[in-house]
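I opened this notebook to keep track of what I looked up.

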Amino acid sequence: MPIDPFDPRAPFDIEGHDFAFDDIPDLHGVLAAARARGPYAVVPFLGTRALLLLTHDLVTAAFKDEDAFPASAIYAATTEPVLGHTIQCMRGAEHRINRKLVVPAFRRRVVTEQVEAILEPLAHELVDGFAARGEADLVAEFTHAYPVRVITRLLGLPMDDEERFRRWAVDLFHFPMAPEAAERASREFTEYVTPIVARRRRDPGGDLLSTLAHTEAEGRRLTDEEILSFLRLLFPAGADTTYLGLGNALFALLTHPEQLSRTLADPDTELEWVVEEALRWEPPVGLLPRMCPAPVSDWQGLGLDIPAETPLIFAITAANRDPVRYPDPDAFDIGRRMRATLAFGDGPHVCLGTWLALAEIRAALKVLLERLPKLQLTAPTRVRGLLGTALRGPESLPVRFGH
């Protein structure tokens, strides 16, 4: 009789790593070895047993299966206490209507017409601060600051308070690991933004916050609390994941000189594919936790019965290097010409800010490569896990460049 992998007495498929807390230095190797044994693995997670999905097909199917693995089941516990009742916590009609109300601010046309005009100037402002030195840490001096500046400018918020917004974004993402800091950030952010929302209700402008305040769908508008919850989600999700994605793209280019040379030779053509390949090769959200609230029998024909309240981990980073989907998956190759379809999720909760994030990373790379000739790393660095292995990005990018 086969052993039930969810039986507490059964061995784990991957031993020695808690997938909730541990930074796993050889994450890609660990996941590839597990995927070679099967499409899923049962692993330690928060002292219990989680189902880790390892193939592109399974992760895609799981994202789309809101009946078995609703996003609300995990986000109600992990983000709602500090972010509020965001669209991540919604299902059914509530999710459909709220998504309709926020989508207009993030459509591709809006990003192209209203957003791209500010992206390169903001990138130039940051580069101006270190270009004359001939050296910099691109994480400390660029990638951390750039997405916060973009979001702040798009929403029409005061630029003078950029440092506060950056601190709030970081602290909000650390709930429930650091609950006191996250709760304080939520409270301070809400107190700051509430009167600004009220002003946009009375006197709208051309910013995205005004769009959120006045868009109508199915006979209603977003309430003040729905706007505040969305903003509390937008800052950490938009700022942190974009800075990590940008850092990973820079890391990929700087550690693959032949790909950097190819990009410099034809940036107008290649930058789009640099971004897509970097998001595939090292996505900023590497492992995404979800929950199975009710028992599921023989999901996807795997012959596996998943008990109620089992944590799941969507291994985006494994799916993005699945050799069935991507030949020679460990190679960073901008000539691959394949899109990173899971980097922003899939299904009903696919990331609303996809087009904004792509435009931000592309514009930032364009400016950095134009302004910093002969760019190269000056010290060893690596992509590491943040908040366990969930988020991934370089801890530093020390570089030198010409003039």
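Which helices each supply at least two residues of the lining of the second largest cavity? I found helix 9 (162-173) and helix 12. I kept in mind that this is a predicted model.

**Entry 1: the cavities**

I searched the whole structure for cavities of 30 Å³ or more, and the search gave 2. I stayed with the second largest cavity, which has a volume of about 40 Å³. I listed its lining as His144, Val148, Arg166, Ala169, Val170, Ala239, Asp240 and Tyr243. By class I noted 5 nonpolar, 1 polar and 2 charged residues there.

Next I turned to the largest cavity, which holds about 50 Å³ of space. Its lining includes His85, Thr86, Ile87 and Met90. I also wrote down Asn98, Val102, Leu222, Glu226, Ser229 and Phe230 from the lining of the largest cavity. Helix 5 (92-102) and helix 12 each give at least two residues to this lining. The largest share, 3 residues, comes from helix 12. The classes here are 5 nonpolar, 4 polar and 1 charged.

**Entry 2: helix 8 and helix 12**

Helix 8 (residues 146-155) and helix 12 (residues 224-254) have axes that come within 8 Å. The two axes cross at roughly 140 degrees. I recorded the crossing as right-handed.

Which residues of helix 8 meet helix 12? I listed Tyr146, Pro147, Val148, Ile151, Thr152 and Leu155. On the helix 12 side I listed Leu231, Leu234, Phe235, Gly238, Ala239, Thr242, Tyr243 and Leu246. This contact has 11 nonpolar, 3 polar and no charged residues. I saw that Val148, Ala239 and Tyr243 take part in this contact and also line the second largest cavity.

I found 4 strands in an open sheet, in the order 1-2-7-6, with mixed pairing. Why is one side of strand 1 and of strand 6 left without a neighbour in the sheet? Strand 1 (40-45) and strand 6 (287-292) stand at the edges, and each has a single partner strand, so one side of each has no neighbour in the sheet. The twist averages 35 degrees from one strand to the next.

I then checked strand 6 against strand 7 (residues 310-315). The two run antiparallel and are joined by 6 bridges. Cys292 stands opposite Thr310 in strand 7.

I asked what lies across these strands. Helix 2 (residues 56-64) lies across strand 2 (48-53), strand 6 and strand 7. Helix 2 runs at about 125 degrees to strand 7.

My last search was for open space. I picked the second largest pocket, with a volume of about 510 Å³. It has 25 lining residues, and those closest to its centre are Arg108, Glu276, Thr354, Trp355 and Leu358. Helix 6 (108-128), helix 14 (267-281) and helix 16 (354-371) are the elements that give two or more residues to the lining. Helix 16 provides the largest share, 5 residues.

Methods
Residues numbered from 1 in each chain as written. Predicted model: local features only at pLDDT ≥ 70, side-chain atom pairs only at ≥ 80, totals over all residues. Heavy atoms only, no water. Axes fitted to C-alpha atoms, helices over the stretch in contact; angles between N-to-C directions. Left-handed = near helix turned anticlockwise from the far one by under 90°. Contact = heavy atoms within 4.5 Å. Nonpolar A, V, L, I, M, F, W, Y, C, P; charged D, E, K, R; others polar. 1 Å grid on protein atoms, 1.4 Å probe; cavity = no way out; pocket = protein on both sides within 12 Å on 5 of 7 lines; lining within 4 Å. Points joined across faces, edges and corners; volume = space filled by probe spheres on them. Pairing = 2+ DSSP bridges.
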